[in-house]
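Work through the exercises below with the sequence and the model side by side. Try each task before reading its solution.

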Amino acid sequence: MLAEALERNSCLSSLTLNNERCLQDKGVQHLSDTLRTNQTLTKLDMRACNITDAGMKLFAEALTVNDGLKTLNLGFNHIRDDGARYLASSLRSNKTLLELGLEYNLIGENGALLLVESLTSRETHICLNLAHNPIGLSAHRVLDSLAVSNSTNLNNNIDLTYGYTSDGGYDHFLVKDRLMLY
């Protein structure tokens with residue numbers, strides 16, 4: 001029903017569906033279908049909606065053709081490296097997304113590196129939140145080198161607050177005052 005309403009929407013620019021745990025991937029499918037045609041929605045917040053890699057694949061497919069969405073928050077879900085890979089692929093063609101929240105997911109080192117690689121080739125800047133993901137030390141080092149060289153379109157806004165390493169240990173990384181850590 002919500003997806004049908006959004007298909008006809010010409011006014012709603014922001015939608016928050018936080019903690020809609022029953023939404024899951026099936027609900028994401030309907031919203032993704034809508035995002036393919038709806039260019040009015042500029043902000044979509046779907047934190048804690050039980051979205052998995054399968055749901056992320058659907059979102060990623062929609063993002064390749066969506067020109068309206070500027071802010072997407074998918075924090076507190078169950079997105080892993082495969083989901084990050086799908087998203088990274090779509091971000092190569094999507095030039096309008098400006099803020100991407102992926103905090104408190106299960107994105108590991110490979111997923112984080114794929115996301116960063118796709119974002120560094122973009123012409124537009126983006127704010128990326130990967131806080132509380134097990135992205136590992138290698139990904140942190142890559143991000144550190146990007147911040148030092150300032151050769152990235154990540155707008156120097158990458159939140160890695162308390163990213164933890166693969167051995168389960170937590171580390172707080174501050175990268176030359178160029179990463180936004182709060």
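**Exercise 1.** Leaving aside its neighbours within four places in sequence, with which residues is Met-46 in contact?

*Solution.* This is a predicted model, in which local features need pLDDT of at least 70, side-chain atom pairs count only at pLDDT 80 or more, and totals for chains, interfaces and linings use all residues. Residues are numbered from 1 along each chain as its sequence is written, and side-chain values use heavy atoms, with hydrogens and water left out. Taking contact as heavy atoms within 4.5 Å, the partners of Met-46 include Leu-17, Leu-23, Val-28, Leu-31, Ile-51, Phe-59 and Leu-74, and among them are also Asn-18, Asn-73, Gly-75 and Asn-77.

**Exercise 2.** Describe how α2 and α3 pack.

*Solution.* Begin with the elements: helices (H or I, at least four residues) and strands (E, at least two) are DSSP runs, numbered from the N terminus. The axes, which are lines fitted to C-alpha atoms over the stretch in contact, with angles from 0 to 180 degrees between N-to-C directions, lie 8 Å apart for α2 and α3, at an angle of about 0 degrees. Because angles under 35 degrees count as roughly parallel, α2 is roughly parallel to α3. Next come the residues: Asp-25, Val-28, Gln-29, Ser-32 and Leu-35 of α2 meet Ala-54, Gly-55, Leu-58, Phe-59 and Ala-62 of α3.

**Exercise 3.** State how many helices and strands the chain has, and in what order they run.

*Solution.* The chain holds six helices and six strands, and from the N terminus on they run α-β-α-β-α-β-α-β-α-β-α-β. Among its contacts with a separation of 6 or more, 79% join residues 24 or more positions apart.

Conventions
Parallel < 35°, antiparallel > 145°, perpendicular 65-115°, else oblique.
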